[in-house]
Amino acid sequence: MGRDTIADIITSIRNADMDKKGTVRIRFTNIAENIVKILLREGFIENVRKHQENNKYFLVSTLRHRKKARKGIDRAVLKRISRPGLRIYSNYQGIPKILGGIGVVILSTSRGIMTDREARQEKIGGEILLSIW
């Protein structure tokens, strides 16, 4: 039985965010590295570093907590869209806009993992992995 690395990333970040922890440790894979870089670039994570422990690599990320919170909206919402049992693909015109473009959709394309804005700009579709807002 295989591991769902994307679900592990989402769960780790969501749990650390709910507990108001400053850092989260994610098992290193190429997909995890690309997703964390996108989250860093979009401002959901402050910084990230690669850590080795017992011949295993981890990504240690510092989460950015929102200071001015409204009723229950103080946490980042991560949602897995495509999953191992049901893959969701879309062309560049059908990529959903989250909260009218405020949120970010992360896609896996033939040119690598990218955000919805980058995919629309390059006019390329792919598998819709997750959304965050």
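## Overall architecture

The secondary structure of the predicted model consists of three helices and eight strands. Read from the N terminus, these elements follow the order α-β-α-β-β-β-β-β-β-α-β.

Along the principal axes, the C-alpha atoms occupy a box of roughly 40 × 40 × 25 Å. The radius of gyration of the protein is 15 Å, which agrees with the value near 14 Å that a compact globule of 133 residues would have.

## The interface between the domains

Contact between the two parts involves 14 residues of domain 1 and 14 residues of domain 2. The size of an interface is often expressed as the accessible area that is lost when the parts come together. Here, domain 1 and domain 2 bury about 1,200 Å² between them, and 73% of this area lies on carbon and sulfur atoms. On the side of domain 1, the residues that lose the most area to domain 2 are I6, I10 and I38, which together account for 35% of what that side buries.

Charged and polar pairs also link the two domains. Three salt bridges are counted between domain 1 and domain 2. Four residue pairs are found in polar contact across the interface of domain 1 and domain 2, both residues of each pair being at pLDDT 80 or more.

## The face of domain 1

Two elements each give two or more residues to the side of domain 1 that touches domain 2, namely α1 (5-18) and α2 (30-42). The largest share of this side, seven residues, comes from α2. By class, the side of domain 1 that touches domain 2 comprises nine nonpolar, one polar and four charged residues.

## Surroundings of F28

Although F28 and K56 are 28 residues apart along the chain, their C-alpha atoms are separated by 8.0 Å.

When residues up to four places away in sequence are left out, F28 touches E33, K50, Y57, F58 and L59.

Terms used. Residues are numbered from 1 along each chain as its sequence is written. This is a predicted model: local features need pLDDT of at least 70, side-chain atom pairs count only at pLDDT 80 or more; totals for chains, interfaces and linings use all residues. Side-chain values use heavy atoms; hydrogens and water are left out. Contact means heavy atoms within 4.5 Å. Buried area is the accessible area (1.4 Å probe) that two parts lose on being put together, summed over both. A salt bridge is a side-chain nitrogen of Lys or Arg within 4 Å of a carboxyl oxygen of Asp or Glu. A polar contact is a pair of N or O atoms within 3.5 Å; within protein, one must be able to donate a hydrogen and the other to accept it, and residues adjacent in sequence count only if both atoms are side-chain atoms. Helices (H or I, at least four residues) and strands (E, at least two) are DSSP runs, numbered from the N terminus. Ala, Val, Leu, Ile, Met, Phe, Trp, Tyr, Cys and Pro count as nonpolar, Asp, Glu, Lys and Arg as charged, and the others, Gly among them, as polar. The radius of gyration is taken over C-alpha atoms; the globule rule is 2.2 Å times the number of residues to the power 0.38.
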